[in-house]
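Hi,

Here is the structure I promised to pass on.

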Amino acid sequence: MLNLETAQSPQKLRRVAIEPVSRVEGHGKVTILLDAENRIHQVRLHIVEFRGFEVFIQGRPYWEVPIAVQRLCGICPVSHLIAATKAMDVIAGFGPLTPTAEKLRRLLHYGQIVQSHALHFFHLSSPDLLFGFESEVAKRNIIGVAAAFPDLAKQGVLTRKFGQEIIAHIAGKRIHGTGVIPGGVNKPLSVADRDSMRAGIDQIVDWSKAAVGLVIQLHETNPDFYRTFGESRANMMGLVDRRGALDFYHGGLRARDADGGPIFDQIDYATYRNVLQEDVKNWSYMKFPHIKTLGADKGWYRVGPLARVQVCDVMPTPLAEAERRTFLNAGGGKPLHGALMYHWARMIEMLHSAELARELLDDPDIVGTDLMADKGPRREEGVGVIEAPRGTLFHHYRADDNDLVSYCNLIVSTTNNNQAMNESIRAVASRYLSGRELTEGLLNHIEVAIRAYDPCLSCATHALGQMPLEVDLIDADGTLVSRARKG
Amino acid sequence: MSESAETPALPKVRIATTSLAGCFGCHMSFLDIDERILDLMKIAEFDRSPITDIKHCSPCDIALIEGGVCNAENAHVLREMRANAKILVAIGACAINGGLPAMRNRLDVGDILNEVYRDLDGVQSHVPNDPELPLLFDKVYPVNEVVRVDYFIPGCPPSADAIWKYLNDLILGRMPRLDHSLLHYD
Ligand code: SF4
């Protein structure tokens, strides 16, 4: 198959750009190179932000890092807070967390997954699925959804709100709170706060189940299309517990190949460098990680909902596991790799997180007051890994004798998906765009595939698009073939 | 016509938003007005914003700017927003003073790039340099060093209630005023 990453002779080709990619968190841009017959020769998703967090955090005290690092991302700040604190648990020399501390961290994390998945599905992606990829631009947003499907929009807004409120109860505020500190958590959960969450959680479980139902309903309108749109056959990676069950908070790394066969399992995440390697390409600030033993060409992988539900052996709550079985059946025993399948998997995870949160709210430990672990000697180095809403998130630090950070490496969830996203948009481009007159709606197909991954491009923080997107297709003689406008 | 009794004949207030070198947290805090967004949309509509597919700012009433200015694209977007908006609001610590990303300002940007682009074993690889990548500035700049700013809402992020109060004041033509309880960094 044609490799659309790099064109043979780009100077003869016409450039088309989608900038900025919209209804995603953060900023990206897509460039497409076409020939005189509108055949596509190159497609790239560029991440144009650069922050250098790993460098400027050096020299800061290690205990400051979990608070600072949240500012990588306002959509999933809790993920960075928890991953960094897990690394700092190790560096500060703490032993195992108390049951209450671990459960509060878990509840916080599950609240985060509920709010992030709800935001992604309802606020950002649902307009494409409900109205169609080529529907009117003015309507293709959450306001349009609210006008056409008021109940659905309200459920989405309130589900996100509930997740944000779980976060506020534990971390003090919805965005960039505190709460989680090396060794445990800094405040107990009051019985009144627990009770108010307990009173609302059943509704959230029901709405999450209904959201899975909605995705299935959409899928059934055109199963082949849903299964194959933006398909990229990738290896898959995620954290599982010792029994092989999905665990968002802690576990060993497991990877499977595109057919579901084992690559590695129960890898201690502190040794991630033994199994992963990162590449740099000159056209994107985002690195390209891959599984070391397989090499750059074959070793790229996907993370996040679509990988997680297929990497684990079970999701340990009843409603979500039943939905997971239905999902796997849709693949007829083979792993699913279509970009739109992410939405289905994501809503199953939202249901799972709501169920997990309910279990914790029923657990007496959650209002316990024993919050801090025992402390041993300081350690030089620590790695913290979790399954963030968008996938496996790695934080790795060293701190010197003065407690100042001397090394930092981050592999954010979206970075893990870099190659897989690029492959998906290349699949969409060659299947739906190549050789055709480009319209705004066709260009939106590319964005639909990117959105499906729920990329968090703001996990580094730049904007790019400043130009109106006006695409001119000009043939080899210089005659205007067609003109498309976006925005 | 009976319609005018229900819906005022006034045109909707047009709001544009953008995230420059920010973390999206200020946008999230805006969305944290929760179901009030459904009320807001009765009197307002969005122009260019990360939550719409409008990619190019057109004349609008209010522009909300999150994030500082760290590269040429940020400056370009910001200038375009300023040229189109009657009122431009810098929202959050990053827009007001560069915020956390400005922690890089004490370092040389070339050194930072060289350090980040190493592989996991510490081996130096090349620094991305494709023309598609916008020119990085030496520092992260506050929004008001690039364009005129009409209002600032402090906080990291400002709370949803602060944003809500501010927007209501602006839309209703009142002098925006935040109580002390709504005015804090964290
Ligand atoms: S002010 Fe805070 S919340 Fe807003 S963009 Fe900056 S870091 Fe994020």
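The lining of the second largest cavity splits into five nonpolar, seven polar and four charged residues. For the classes, Ala, Val, Leu, Ile, Met, Phe, Trp, Tyr, Cys and Pro count as nonpolar, Asp, Glu, Lys and Arg as charged, and the others, Gly among them, as polar. That lining has 16 residues, and nearest the centre are Pro20(A), Ser22(A), Arg48(B), Ser49(B) and Pro50(B). The cavity holds about 120 Å³ of space, and the search counts eight cavities of 30 Å³ or more. The rule works on a 1 Å grid over the protein atoms alone: a cavity is a set of points where a 1.4 Å probe fits but cannot get out, a pocket is an open set with protein on both sides within 12 Å along at least five of seven lines, and lining residues have an atom within 4 Å of a point. Points are joined across faces, edges and corners, and a volume is the space filled by probe spheres set on the points.

Before you go further: this is a predicted model, where local features need pLDDT of at least 70 and side-chain atom pairs count only at pLDDT 80 or more, while totals for chains, interfaces and linings use all residues. Residues are numbered from 1 along each chain as its sequence is written, chains are lettered from A and ligands numbered from 1 in the order in which they are written, and side-chain values use heavy atoms, with hydrogens and water left out.

Back to Pro20(A), which sits in the loop between β1 (14-18) and β2 (29-34) of chain A. Helices (H or I, at least four residues) and strands (E, at least two) are DSSP runs, numbered from the N terminus. The peptide bond leading from Glu19(A) into Pro20(A) is cis, with omega near -5°. Arg23(A) is also in the loop between β1 and β2 of chain A, and has a positive phi of about 50° although it is not a glycine. As background, most residues other than glycine have a negative phi, and most peptide bonds are trans. Chain B has a cis bond to look at too, between Cys156(B) and Pro157(B), with omega about -10°. Pro157(B) is in the loop between β7 (151-153) and α7 (160-171) of chain B.

Now the largest pocket, with a volume of about 480 Å³. What lines it? There are 20 lining residues, and Asn3(A), Asp297(A), Trp300(A), Gln419(A) and Glu423(A) lie nearest the centre. Two or more of the lining residues come from each of β10 (288-291), α10 (295-298) and α15 (418-433) of chain A. Of these, α15(A) gives the most, with four residues. By class, the pocket lining has eight nonpolar, four polar and eight charged residues. At least three lining residues come from each of domain 1 and domain 2 of chain A.

Those two domains are 10-51 + 420-486 for domain 1 and 53-416 for domain 2, with bounds from an automatic or database domain assignment. Their C-alpha centres lie 28 Å apart. The domains share five salt bridges, a salt bridge being a side-chain nitrogen of Lys or Arg within 4 Å of a carboxyl oxygen of Asp or Glu. Asp454(A) pairs in this way with Arg346(A), the closest N and O atoms being 4.0 Å apart.

And between the chains? Here 81 residues of chain A are in contact with 59 residues of chain B. The buried area is about 6000 Å², with 60% from carbon and sulfur atoms. On the chain A side, Phe50(A), Phe56(A) and Tyr285(A) lose the most area, together 12% of what that side buries. Eight salt bridges link chain A and chain B. Arg174(A) and Asp32(B) form a salt bridge at 2.8 Å, N to O.

Cheers

Note on methods
Contact = heavy atoms within 4.5 Å. Buried area = accessible area lost by both parts, 1.4 Å probe.
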